Amino acid sequence: LVSREHHRERTVVRVGGVPIGPGTMTLIAGPCAVETPEQTLGAAQMAQAAGATLLRGGAFKPRTSPYAFQGLGEAGLRILADVREETGMPIVTEVVDAGDVELVASYADMLQIGTRNAQNFALLQAAGESGKPVMLKRGMNGTIEEWLMAAEYVAQRGNLDIVLCERGIRTFENATRNTLDISAVPVAQRLSHLPVIVDPSHSGGSRDLVLPLTRAAVAVGADGVIIDVHPHPETALCDGPQALVDGDLRELAKLVRDLPPIV
Ligand code: PEP
């Protein structure tokens, strides 16, 4: 269902009216984790002022350590909904458990499935039945074929509003948090009609890499990027070192706006 053989034209997925697909370079930005109403609104206003059209923010956080901040759960979803009300930005937020899909879908404009759940088939199927667009991150140890098969689990349940997100994979290299597999973008676009975006924040894991990796995403023809921003990254409860501050985000947004794909 997600292959180019099934559907030759590339698909445009609309999230609360915002298109992601061929001809777009959609900027999705916001905090890694929703922490407080002030922090979320602050991040959203930074994102919107820079030109982002969708707001990201995690209320359910899949953390490596059980002692790390796990997210605010439904209270975080309520904050996101309030910030959407205030800014008009549709929201993208992660769901980590099949049992939470209905709850998260009642707030979200797009469900995010993270790298750690990239082959959680029950979750993929539940997301496929949610009636909401799904952003599917590539598993950190997943091949492109496994990623597309994960998308197939969503599509099989009648939902073809799927956006693929390359977020870096595990390799022997440890100078970066993950290795951004930039070649996955054109390969996935060749094999599938679905839009493909890039997450330069989680791939590099470091603020100084976000702009160069975004340049690479634009150059290679990605359909969008998803970026972590925080009004005060030094106090962030999750992934502060990779969050952009206002000036950096504006520079990045200008690049996204002004740099056409190199063809
Ligand atoms: C995120 O985007 O908040 C996230 C946890 O990403 P990933 O699943 O790519 O690690």
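Predicted model: local features only at pLDDT ≥ 70, side-chain atom pairs only at ≥ 80, totals over all residues.
## How much is buried

Residues are numbered from 1 along each chain as its sequence is written.

## Overall build

A compact globule with 263 residues would have a radius of gyration near 18 Å, and the protein's 16 Å agrees with that. (That radius is taken over C-alpha atoms, and the globule rule is 2.2 Å times the number of residues to the power 0.38.) The protein has 9 helices and 10 strands, which are DSSP runs of H or I with at least four residues and of E with at least two, numbered from the N terminus.

Now look at strand E6, residues 110–113. Met110 and Gln112 are buried on one side, and Leu111 and Ile113 are buried on the other. In a regular strand, side chains alternate between the two faces of the sheet.

E6 runs parallel to strand E5 (residues 91–94), joined by 3 bridges; strands pair if DSSP finds at least two bridges between them. Here threonine 93 stands opposite leucine 111.

E6 also pairs in the parallel sense with strand E7 (residues 134–137), over 3 bridges. Isoleucine 113 has leucine 136 in E7 as its bridge partner.

Notes:
Buried ≥ 20, exposed ≤ 12 C-beta atoms within 10 Å, placed from the backbone.
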